[in-house]
Amino acid sequence: MAEHKKNIAVMTSGGDSPGMNAVVRAVVRTAIYLGCNAYCVYEGYEGLVRGGNYIKQMGWEDVRGYLGEGGTLIGTARCMAFFEREGRLQAAKNMVLNGIDALIICGGDGSLTGADRFRGEWPSLLEELVSKGDLDKKQIEPYKHLNIVGLVGSIDNDLSGTDATIGAYSALSRICEMVDYIEATASSHSRAFVIEVMGRHCGWLALMAAVATGADFLFIPEKPREDNWKEEMCQVIKQHRSMGKRKTIVIIAEGALDKHGEKITPSMVKDLLADKQGLGLDTRITTLGHVQRGGTAVAYDRMLGTLQGVEAVKAVLEATPETETCFVAITENKITRKPLMAAVKETKEVAKLIEAQRFNEAMALRDTEFSDQYKSYAMSANTGFGGEVKVKENEKMRIGFINVGAPAGGMNAAIRAGVAYCRARGHEPLAIHNGFAGFARHHGDEPLGAVRSFDWLEVDGWASKGGSEIGTNRELPEESGMELIASLIKKYKFDALFLIGGFEAFHAIAQLRKARSQYPSLCIPYVLLPATISNNVPGTEYSLGSDTCLNELVAYCDKIKQSASATRRRVFVIETQGGRSGYIALLAGLSVGASAVYIPEEGISLQMLTADVMHLKDVFAKDKGQTRAGRLVLINEKASRTYNAKLIADIMRDEAHGRFESRDSIPGHVQQGGVPSPMDRCRAVRLAIKCIQHLEKFGPKGYDRPEEISKDSFTASVIGIKGADVVFSSMQDLEENETDWKNRRPTAAHWMAMKSIVDILGGRPDYPAPVQTLEGLAAKDAKRGLIAK
C-alpha cells in the first residue's frame, strides 16, 4: 500500500504584516520540494470554517512574485465562528475532506493560541463528526493526529521568546522614514512633534524608533514615567533647546501609561509642550496609523519569513503526536523552535503585569535586546534617566574614534551613541578624521586638525545620517607609518581606540597589536565594531551597513524585476558588491527569489552556466505568457575572474536563440545606501555602547603597564553577533583560527547554509560544482603532469 502523502496547509491570520507572503511562498515550495502537497487556506480561520474554494491546492508557479508584495495575498479575516465549537467542528471537517493533516499558521498570539486549542480538541472533534454522521471512520483514519506549527506575524514584535516577529522591522522602517521626513519640517519651523505609533501592550516599535531617530523623549507601556514625568520631559527638552536644537521629537506608543496605569495621550503631551507658561513650543501631533502596516517587506522580513517558512515545513514533518505545539523563533541570528504556549503565556503575563502596575517585572520578561536598547536610549538621548554614574577622576579616559575602510550605514549612529556614553560617564571622546591617513598627514593642520573634540549639538543629529561624518579611509597603520602612528597616539595621550569599519579596520587592529612589542605607546586597548556592506569581518555574523545594503539592493532588484515582468521573457543579470564574500549576493537572492546566485565561495564554471541556461530555456518554453514575473540572476563582483555580469548576460542571450532576452545591470555604489536602515541604526547604538564599556574595563594609561595590556588578549578585540549571543572575540584568536587572509573573509561563512534554500526556492536544478582552482606549486605540478589534475 502506497504511503500516505503529507498534505500541508498554510494560512495567515490576525492583523496583516509585511513578510507574510514570503512565508506562504516558502511553505508552498518547500512542501512541494519535499514531496508533499501544499494548500493555502484563504481568509484565515474564516476560510477554514467555510471550506470549498477557500482551501486551494497550490502549485509551484502559483506563488511566483509573492516576495515583492505587501500584506498577505491569501487574505486574513476575523472569524467569530471559530471561537465556537460548532465553527471548529466545521473547520476540522473541511480539513479532513481536503486531506490536510498539518497546518502552518502565521499570525499573532491570539491566532496561535486558537491553533493550539484546535490541535488539543482535534481527536474529540473527529469523534463528534463521526457520531453526527458528517464523516465516517474510514475517512478520519489517516488524519487522527493534527500537527501545527506557528510563525509569528505581527508588526508589534510582542511575542516573548523571539527577537523579531515577521513584519516588525518593515513597520519600524516605515515609522523611521516618516520621522525622518517630519524632522526636516520640524527643524525648518523650530517646531515640536508628538508622534504616536502602534503598540498597545508592547513598546518595541516606539522604543526602536526612538533609538533609531534620536528622539528627545519616549513613552512606552513597559516603562511608565514617574509622577513627575511632566517636569522631567520639560526639563530634558528645555536642556536640548538651550544647547541650540531647533526641533523636538517625542515618540509615544498608543498604550503609554503613567506609573498609576493612567493613559498618557498625545494631546496631553502636546498641551504641555505648547503651554505658554512653560516651553511654549509650536507643537503638532502626527498619528501614523495604518501606514505602519503598509508597503512591501524589507529584506530582513523577507529573509525571516522565508527561513522560518522552510523551518516550519521541516517541523511539521518531524513532529509526532506527542510533540508539543511549537513556533519558529529567531534569537539574534539563529532560527530555533520553541514551545508555543509557554511563549504565549509569557506574552500575556507582560500585559497582565502592566495592568497590575508591576512594571519592573513586565520589563524583565522582555528579551535582552529590548532592555539593552532601553538602557541605550536612556543614555544616548541624554535624558538623565539612564542611571549612568560618572567615573572617578583617575578612571577617565581619552578615547579616539576612527573609521577605517569604505562607508557603511550605521557608522554615524555608532559614533553618536559612543560619544553620548562617554559624555555621560565623564570620558573624553575625540574624533580622528579621515582614518589613519588623516591622522598621519593632517593631525596638526590649522585651524582644524584631524584630531578634534566632538560638538554634541552636531553629533546629536547624526542618528539617521548615512556615510561617515568624520570621514573614512582604507589606509592601514603600516602604510601611514607605524612609528608615526605610535608617536601620534602618545602625543594625543589616547587611552583607547574605538574603530568602526570593515576588513581594513580588522587588519589595522592586527597590525597595531603586533607592533606593541616595538612601541609601548600602542599598549592601549582597541575594539572593533564591524561596519561593512560585505559582512566579511571575522568574529561576527553581522556587520553594520549590511542590512542597509540589502534593502537598497532588494529595492533595486524589485524595480528591475518589474521591467523584466513587463517584457515577460527577459532575464536580468545583476552584479552585486561584497568583495570576496558572497553574503550580500546570496541574501539578496533569497529576498528577491533569484533564479541563480553566483558567489566567490563557490565559483563559476562553464558546466554550471550551461545548466542554468538550459533551465531558463525550459522555464520560458513552458511559460505561455500567463505569469508576469521576470527572472533575476545575481552575481557577486568577484565570483569569477572571467565571467562577469555582462558576459553571462551575453551568453544567455546568445544561447536563448531569440526565445528570451537577457540584460546586465550594475547598481554599483548605490548599494552603500543613503539613509541607514533602522536595524543598522539600532544595533549600532547597542553595540557601540557595549564597545566603550569594554574599553572602560582596562582603564586609562595602558601604556604605563605594557606587559599587562599585551598579555590580555581581549585588549584587542572585535564585538560581534554569533548565533544567539553578542560576544567579544580576541584579535589574536581570530587572526590565527578564523581568518582567510588571502580572500579577506572569515574561514567559515555561517550563511552558506542558506545557499541550498535559495536554489531550491528559486527552482534551480542540480548543477555540477565548479572544480577548485589549483595555485602555486600544485598548479605547476599539475601542468607538468606530475599530479592528478
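What percentage of the 789 residues in the protein chain do buried residues make up? Buried residues make up 59% of them, where buried means under 20% relative accessible area, exposed over 50% and partly exposed in between (1.4 Å probe, protein chains only).

## About the model

This is a predicted model, in which local features need pLDDT of at least 70 and side-chain atom pairs count only at pLDDT 80 or more, while totals for chains, interfaces and linings use all residues. Residues are numbered from 1 along each chain as its sequence is written, and side-chain values use heavy atoms, with hydrogens and water left out.

## The chain as a whole

Let us start with the overall picture. The protein chain has 28 helices and 24 strands; helices (H or I, at least four residues) and strands (E, at least two) are DSSP runs, numbered from the N terminus. Its radius of gyration is 28 Å, close to the 28 Å that the globule rule gives for 789 residues, so the chain is as compact as a globular protein of that length. That radius is taken over C-alpha atoms, and the globule rule is 2.2 Å times the number of residues to the power 0.38. Taken along the principal axes, the C-alpha atoms fill a box of roughly 90 × 85 × 45 Å.

Among the contacts in the protein chain with a separation of 6 or more, 77% join residues 24 or more positions apart; contact means heavy atoms within 4.5 Å. The accessible surface comes to about 31100 Å², and carbon and sulfur atoms hold 49% of it. Accessible areas come from the Shrake-Rupley method with a 1.4 Å probe, and for residues only the protein chains shown count as cover.

## The largest pocket

Rolling a probe the size of a water molecule over the atoms shows where empty space is left. The largest pocket holds about 1200 Å³ of space. Of the 37 residues that line this pocket, G14, R78, D109, G110 and S111 are the closest to its centre. The elements that give two or more residues to its lining are α4 (109-131) and α11 (340-355), and α4 gives the most, with six residues. By class, the lining has eleven nonpolar, 14 polar and twelve charged residues.

A word on terms: on a 1 Å grid over the protein atoms alone, a cavity is a set of points where a 1.4 Å probe fits but cannot get out, and a pocket is an open set with protein on both sides within 12 Å along at least five of seven lines; lining residues have an atom within 4 Å of a point. Grid points are joined across faces, edges and corners, and a volume is the space filled by probe spheres set on the points. Ala, Val, Leu, Ile, Met, Phe, Trp, Tyr, Cys and Pro count as nonpolar, Asp, Glu, Lys and Arg as charged, and the others, Gly among them, as polar.

## The second largest pocket

About 750 Å³ of space lies in the second largest pocket. Its lining has 25 residues, and P600, G603, A639, R641 and T773 lie nearest the centre. The lining divides into nine nonpolar, eight polar and eight charged residues.

## Some buried places

I399 sits in strand β12 (residues 398-404) and counts as buried at 0% relative accessibility. Not counting residues up to four places away in sequence, I399 touches C422, E428, P429, L430, F494, A496, F498, I692 and L695.

T331, in strand β10 (residues 326-331), counts as buried at 19% relative accessibility. Leaving aside neighbours within four places in sequence, its contacts include G161, D163, G723 and A724. Helix α15 (residues 435-442) has six of its eight residues buried, so the helix is largely enclosed by the rest of the structure.

## Backbone details worth a look

Most residues other than glycine have a negative phi, and most peptide bonds are trans. The peptide bond from E446 to P447 is cis, with omega near 0°, and P447 lies in the loop between α15 and β14 (451-453).

H657 has a positive phi, near 50°; H657 lies in the loop between α23 (645-656) and β20 and is exposed, with a relative accessible area of 52%. K701 also has a positive phi, of about 55°. K701 belongs to the loop between α24 and α25 (706-711) and is partly exposed, with a relative accessible area of 48%.
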